[in-house]
Amino acid sequence: MTGTRRSVAVLFLLPALVLLGALVVYPIGYSLIRSFYDQAGDSFAGFDNYETLFTDDGIRTALKNNVIWVVFAPTVATALGLIFAVLTERIRWGTAFKLVVFMPMAISMLAAGIIFRLVYDQDPDRGVANAVWVGVHDTFAESSAFPKAHPGRDSPLQPAGGGAFVTKRPVTAGTPVVLPLVGVAPDLMPDGAKRAATAEPADGKVTGTTWQDFTRGKGVGRLGGVDAAELGYAGMKIEAVKDGEVVASTTAAGDGTFTLPAAADGALLRLPADNFKEPYNGLNWLGPSLVTPAIIGSYVWMWAGFAMVLIAAGLAGMPRELLEAARVDGANEWQVFRRVTVPLLAPVLAVVVVTLMINVLKVFDLVFIIAPGSSQDDANVLALELYRKGFASDQPGVASAIAVFLLLLVIPVMWFNVRRLRREVRR
């Protein structure tokens with residue numbers, strides 16, 4: 001009877017064993033064997049492919065990035081999951097919040113990669129990250145409204161170095177000064193810009209106008225003269241400079257007119273470079289220096305919900321009398337969290353961290369999709385390098401060695417997880 005039951009069990013397990021052998025055991029064995037052969041697969045190469053793992057610059061960068069991923073991605077995702085799980089226990093709409101946080105898990109890595117490729121777009125009009133960043137920046141440091149402005153033909157202004165412009169001759173009090181510029185499209189002029197006006201002379205003071213010296217239409221308008229359809233450079237900064245020192249400064253009104261005190265008499269008028277600096281366009285999130293942290297951020301967005309759900313399940317099974325006893329003994333909420341909640345959740349936290357560590361060792365989709373070609377080498381990870389060596393560079397031997405190396409990295413983590421689970425079962 002025992003033999004019959006064993007035979008029936010084997011028959012039921014046989015399809016699963018066949019699939020396991022065909023889809024797991026055979027590929028692992030073949031990759032192991034293939035990693036010891038040359039790229040053509042004809043001759044034995046020994047450990048040459050494994051030596052390449054530590055000499056190839058691309059693979060070393062991938063290995064360094066994998067270390068960054070393993071250290072930061074699981075830690076941040078687990079920490080956020082713990083915070084969300086604890087806080088949502090105390091709010092009425094906690095279930096709805098958990099649903100929103102967990103929702104990214106329903107999105108494929110491919111879709112998430114496309115979403116975050118747009119989120120990290122350099123153009124603030126398209127990329128959400130830079131739209132927020134630029135908005136915060138401009139709140140504290142307003143960008144110039146005249147980044148393309150420059151002197152036109154026969155202008156009384158000349159370059160002063162560093163992006164500034166200065167008058168060719170000293171100015172005289174009582175004689176209005178004209179500071180014409182071109183280069184700013186009418187629809188890009190500041191909101192406060194008004195029709196330019198000719199400055200009136202003032203005794204003992206330097207007056208003038210700075211404006212957009214351009215009127216649409218052939219033969220329309222006077223070069224160097226204020227015309228009815230032209231707009232003043234509202235907010236343009238003007239400095240009076242004598243012997244290299246600023247003796248007076250002012251800002252143009254909406255119609256471009258300005259007035260400087262008597263100290264400006266005999267000085268050169270300078271339009272400082274701050275008037276013409278390019279508008280702030282935010283950070284290059286997908287550049288060489290930030291691409292890996294940016295992609296890790298997208299991964300955390302996806303997997304923080306997974307960590308939160310597992311930790312919330314652990315919180316639900318936690319004996320509440322221990323928490324209440326700690327509060328009765330005089331512990332505040334931070335002490336209860338640090339000395340009671342976290343230690344009791346340690347097994348759950350270990351499961352989450354280990355699961356995410358295994359997951360990030362194999363991360364491929366997000367890096368492949370989000371990182372542009374110009375910085376993909378800087379964002380490289382082992383799984384992506386495996387793909388590039390195996391398919392783009394036609395080096396299957398090296399790709400097989402990377403696959404085996406990844407397996408060796410995952411095995412200790414899996415062994416730790418299995419051992420911990422067995423200890424939990426014995427308890």
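How far apart do the end C-alpha atoms of residues 99-120 lie, and how much of the span is helix and how much strand? The end C-alpha atoms are 25 Å apart, and the span is 68% helix and 0% strand. This is a predicted model, in which local features need pLDDT of at least 70 and side-chain atom pairs count only at pLDDT 80 or more, while totals for chains, interfaces and linings use all residues. Residues are numbered from 1 along each chain as its sequence is written, and side-chain values use heavy atoms, with hydrogens and water left out.

**View 1. Residues 99-120 and 299-319, two spans from the UniProt record.** An unreviewed UniProt entry places the feature "transmembrane region" at several spans, including 99-120 and 299-319. UniProt positions are given in the numbering used here, feature names are shortened, and annotations may be inferred rather than shown by experiment. Residues 299-319 are 86% helix and 0% strand, with end C-alpha atoms 32 Å apart. Helices (H or I, at least four residues) and strands (E, at least two) are DSSP runs, numbered from the N terminus.

**View 2. Val-100 in helix α4.** Helix α4 (residues 94-102) contains Val-100. With a relative accessibility of 54%, Val-100 counts as exposed (buried means under 20% relative accessible area, exposed over 50%, partly exposed in between, with a 1.4 Å probe and protein chains only). Thr-4 is 96 residues from Val-100 along the chain, and the C-alpha atoms of the two are separated by 52 Å.

**View 3. The buried side of helix α5.** In helix α5 (residues 109-119) the buried residues are Met-109, Ala-112, Gly-113, Phe-116 and Val-119. They cover an arc of only 120° around the axis, so they lie on the same side of α5; the arc is that of the directions from the helix axis to the C-beta atoms. The packing partners of these buried α5 residues are α6, α7 (291-316), α9 and α10.

**View 4. Edge-to-face pair of Phe-146 and Tyr-233.** The whole structure holds 23 aromatic pairs. In one of them, the ring centres of Phe-146 and Tyr-233 are 4.9 Å apart and the planes stand at 85°, so the pair is edge-to-face. Rings of Phe, Tyr and Trp (its six-membered ring) pair if their centres lie within 6.5 Å; planes under 30 degrees apart count as stacked, over 60 as edge-to-face and the rest as tilted. The pair links distant parts of the chain, 87 residues apart: Phe-146 is in the loop between α6 (128-140) and β1 (157-161), and Tyr-233 is in the loop between β4 (206-212) and β5 (237-242). Phe-146 is buried at 3% relative accessible area, and Tyr-233 is buried at 0%.

View 5. Tyr-387 and Phe-391 form a tilted aromatic pair, 5.5 Å centre to centre with 35° between the planes. Both residues lie in helix α11 (residues 382-392), four residues apart, about one turn of the helix. Tyr-387 is partly exposed at 32% relative accessibility, whereas Phe-391 is exposed at 65%. Phe-364, in the loop between α9 (333-361) and α10 (365-370), touches Ala-383, Leu-384 and Tyr-387, not counting residues up to four places away in sequence; contact means heavy atoms within 4.5 Å. Phe-364 is partly exposed, at 22% relative accessibility.

**View 6. Strand β8 and its two neighbours.** Leu-269 and Leu-271 form the covered face of strand β8 (residues 268-271), and Leu-268 and Arg-270 the uncovered one. In a regular strand the side chains alternate between the two faces of the sheet. Strand β2 (residues 164-167) runs antiparallel to β8 and is joined to it by two bridges, with Phe-165 opposite Leu-271. Strand β5 is also antiparallel to β8, through three bridges, and Glu-239 stands opposite Arg-270. Two strands pair if DSSP finds at least two bridges between them.

View 7. Asn-65 is part of helix α3 (residues 57-88) and is buried, with a relative accessible area of 2%. Its side chain reaches the backbone oxygen of Asn-380 at 2.8 Å. Apart from residues up to four places away in sequence, Asn-65 touches Thr-292, Asp-378, Ala-379, Asn-380 and Val-381.

Notes. A polar contact is a pair of N or O atoms within 3.5 Å; within protein, one must be able to donate a hydrogen and the other to accept it, and residues adjacent in sequence count only if both atoms are side-chain atoms.
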